[in-house]
Structures are given as C-alpha cells and as structure tokens.
Amino acid sequence: MVKNGFLIHYLRSSMEKEIVLSGIRPTGFLHLGNYFGAMRNYVRMQDEYNCYFFVANWHSLTTHPDTKTLQESVLRVVAENIACGLDPEKVSLYVQSDVPEIAELYLYLNMLAYKGELEKTTSFKDKVRLQPENVNAGLLTYPVLQAADILIHRAVKVPVGKDQEQNLEMARNFAERFNYRYGETFPLPYAFNYNSELVKILGLDGNGKMSKSENQNTTLFLADEDDAIRNKIKKAKTDQGPLAPNSVKPDYIENLFTLMKLVSSADTLKKFEDDFNNSSDGNCIIRYGDMKKQLAEDMVSFIQPIRNQALDLQNNKELLIKIIRQGADKARSSASNTLSIVRKAVGMDY
Ligand code: ADP
Ligand code: TRP
C-alpha cells in the first residue's frame, strides 16, 4: 500500500516535470561556445526536467544540401553531447528525421504562418544575403519547422542562446494562432537560461562569437587535439598591457579571462586578475604569454576527456545507433500523443 502510494507520487511528480526541448544543427564541429552557451545547461537540466534534445538534420538541409557527410556529423553531435554529460537514459536524445510526426505538425503550422512575417525574420534575411543562389522555401519556413520541433512535445522551456529569441517569439505566435483557431492545445514556449546574463564566447581574435562556420583558427572545437588547442590559444590576440591600474578590459582580453574563469582554478584566475589590475604604463605586471600558457594547459585538461570519450563513442557506431533509436522511441511516443490531439482539434481524426 505504502509502496503504491510512493509509486503514484513518483509517477505524478515525473509527469508534472516541466518539458524542456532544444536542438543543435549538425552543420559542423561543436565548439566551446556551444558547450558553455548550450550543452552545459542541457546537462544541468536533465535531472530537474523532462528533457528532449535532438539533432536538427532537416534544418541543416536549408543551408547544407550536400548530405555526403551528414550522417557522420549527426553521429558526432550525438557522441559529443553524451561526452559532455548528457545521459541518454535520463533524456530523450534523438534525430529530427526519426520523428515524422514533426513534419505533419509543420504542415498544419505552415497554414498559420504568413509569407510577410517569415520574410522579415533576421535569420532569413541573413541567409538570403549569404546564399542568394539558394533561397529555398525551407529557408523561409525555418521558424515554422522549429516551432513544430518545440510544440510537438508541448515544451515550455527551450535552452538556447540570445540569437534564437526571434525564433522563439515566432513559435509562440504560431502556438497562439493555433490555440485561437482550433482550441487550447499548446502551452507557450520561452527561451531559458540559468544565468540572467547569457554567456557568449568570442573568437580568440575578439572578432565575433566562436562559431562552427566562422574562422576555424579562432574557435576551440571539442574535437581539437592538444597541440591544436595550445597553438590557437598561443595566437590569441593580446596587446602591450593596460595603461592604468584597474583599466576596463578590451573585448579580446575580457574573453581570455572569461575562458580562464570557465576552465581554470579560482586561484589562477585571481592571480591574473590581480596582475592585470595592478599593471600600468611602464609597470606591466601581467604577462599575457604566461597567462595564455596556463589557459592552454587548463583548456587541454578540460577538452581532452570530452574529446576522447566522444571519439570512443564514434568508434562504437552500433551503440550510438541504439541510443538514437531509443531516443526516437521516447520522442515518438510523446509526439504521437500531441499529434492525435492536434488532428482532433483540426478535425482530421476520421
Ligand atoms: P553556431 O553558431 O556555431 O553554428 P549554433 O547556431 O548551432 O552554433 O548554436 C547552437 C547553440 O549554441 C545555441 O543555443 C547557441 O546559442 C549556442 N552558441 C553558439 N555559439 C555560441 C557562442 N560563441 N557563445 C555562446 N553560445 C553559443
Ligand atoms: N535554430 C536552432 C539553431 O540554429 C536549432 C534548432 C532547430 C532549435 N530546432 C530547434 C533550437 C528547436 C531549439 C528548439 O541553433
């Protein structure tokens, strides 16, 4: 009896857990920005929430139509997510194209999305500029597919960076329109981050954020070998040192301190902070060469185990396939549940 009571309590609390969803496009190697801006939050959320994390391989077709290396990239992203601490037993870790229910919801939502609003989104305008020879309809309706990804699980929290704010706003608009026309079906999803201030990791030259597709030499990838990490950090931009005590740090110096804060010990960080603050013109105490050497070693210690575990997993393709099948099963069970409610609401339930 007591046992049953406990079980009911457990089941109810797991059912009441808020639903979380996020996705990463398999368009390149994952880097430190992805780790500290996204994956670190995923790992933290997996114990508190009912989580769905997926690899957005349909979305990647909007900009990367050549699929020769796509399968490999998808499996690498899955392996890197697990190596960063995601537990496929706790979350549903799946590949978008394994859940066809998303495509059907995308179809219904497309009827509620207007050409004018889609053409106005910043990411669409950016892509038109970047690939004028391939302005396909998938690119235009990218936010609709993203809304379907989220709404198919009726997720309410979406851990993403600032750049995704507009897509989240559009997902809320489509959900509201659907609810208004066909009856209350979807809760409204919001971007989520643990810190009020979102972390943004700049490239090592201080120009723009670290990114899968920008300058490879200024981005630290989770798959980088030890010496590649050391070389990139060695070449990171610095200057002759601060001209007055307690100076404001230029972006590229601030970024080195941000990285140090993330991967080095508190004592190490404090030493270099103090050196910086006590430096002035003609009395430069901080030695950027030493700081970069220390940062490089701490970064190697940080990335090495992730890289090695990800590689081990990639060499065990059978296991990875098993994991994504299991993830797809969990995701499809939630997705088909939502879809039957949606079909009923729209009147497609014969
Ligand atoms: P990329 O720009 O490298 O292609 P994505 O756009 O696929 O990366 O982003 C995947 C996730 O990683 C998003 O939640 C995004 O906000 C986060 N992210 C990407 N780059 C950075 C960065 N340099 N700093 C912090 N977060 C980042
Ligand atoms: N557009 C997201 C990005 O570029 C990837 C993505 C696709 C996504 N579908 C999603 C993120 C659903 C969160 C929720 O980073």
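Two rings of Phe, Tyr or Trp count as a pair if their centres lie within 6.5 Å, and a pair is stacked if the planes are under 30 degrees apart. By that rule this predicted model holds 11 aromatic pairs.

**Stop 1: Tyr42 and Phe53.** Select both rings. Their centres are 4.2 Å apart and their planes meet at 15°, so this pair is stacked. Now colour by secondary structure. Tyrosine 42 belongs to helix H2, residues 32–45, while phenylalanine 53 is in strand S2, residues 50–55. Buried or exposed? Both tyrosine 42 and phenylalanine 53 are buried.

**Stop 2: Phe54 and Tyr94.** Stay on strand S2 and pick phenylalanine 54. Its ring is stacked with that of tyrosine 94, at 5.5 Å centre to centre and 20° between the planes. Tyrosine 94 sits in strand S3, residues 92–95. Phenylalanine 54 and tyrosine 94 are both buried.

**Stop 3: an aromatic cluster.** Select Tyr35, Phe36 and Phe302. Together these three form one aromatic cluster.

**Stop 4: charges over rings.** Go to lysine 249 and show phenylalanine 257 with it. The charged end of lysine 249 sits over the phenylalanine 257 ring, 4.5 Å from the ring centre. Next, select lysine 271 and phenylalanine 272. Lysine 271 lies over the face of phenylalanine 272, 4.9 Å from the ring centre.

**Stop 5: ligand 2.** Show the residues around ligand 2. There are 13 of them, and His59, Tyr142, Gln146, Asp149 and Gln164 come nearest. For aspartate 149, a side-chain N or O atom lies 2.8 Å from a nitrogen atom of ligand 2. For glutamine 164, the corresponding distance from a side-chain N or O atom to a ligand nitrogen is 3.1 Å. Ligand 2 alone exposes 370 Å², and the protein buries 88% of that.

**Stop 6: the whole fold.** Zoom out and switch to cartoon. The protein has 15 helices and 5 strands. Its radius of gyration is 23 Å, close to the 20 Å that the globule rule gives for 350 residues, so the protein is as compact as a globular protein of that length. Along the principal axes, the C-alpha trace spans about 80 × 60 × 40 Å. Finally, colour by burial: 48% of the 350 residues are buried.

Note on methods
Residues are numbered from 1 along each chain as its sequence is written. Chains are lettered from A and ligands numbered from 1 in the order in which they are written. This is a predicted model: local features need pLDDT of at least 70, side-chain atom pairs count only at pLDDT 80 or more; totals for chains, interfaces and linings use all residues. Side-chain values use heavy atoms; hydrogens and water are left out. Rings of Phe, Tyr and Trp (its six-membered ring) pair if their centres lie within 6.5 Å; planes under 30 degrees apart count as stacked, over 60 as edge-to-face and the rest as tilted. Helices (H or I, at least four residues) and strands (E, at least two) are DSSP runs, numbered from the N terminus. Buried means under 20% relative accessible area, exposed over 50%, partly exposed in between (1.4 Å probe, protein chains only). A charge sits over a ring if NZ of Lys or CZ of Arg is within 6 Å of the ring centre and within 35 degrees of the ring normal. A residue is near a molecule or strand if one of its heavy atoms lies within 4 Å of it. A polar contact is a pair of N or O atoms within 3.5 Å; within protein, one must be able to donate a hydrogen and the other to accept it, and residues adjacent in sequence count only if both atoms are side-chain atoms. Accessible areas come from the Shrake-Rupley method with a 1.4 Å probe; for residues, only the protein chains shown count as cover. The radius of gyration is taken over C-alpha atoms; the globule rule is 2.2 Å times the number of residues to the power 0.38.
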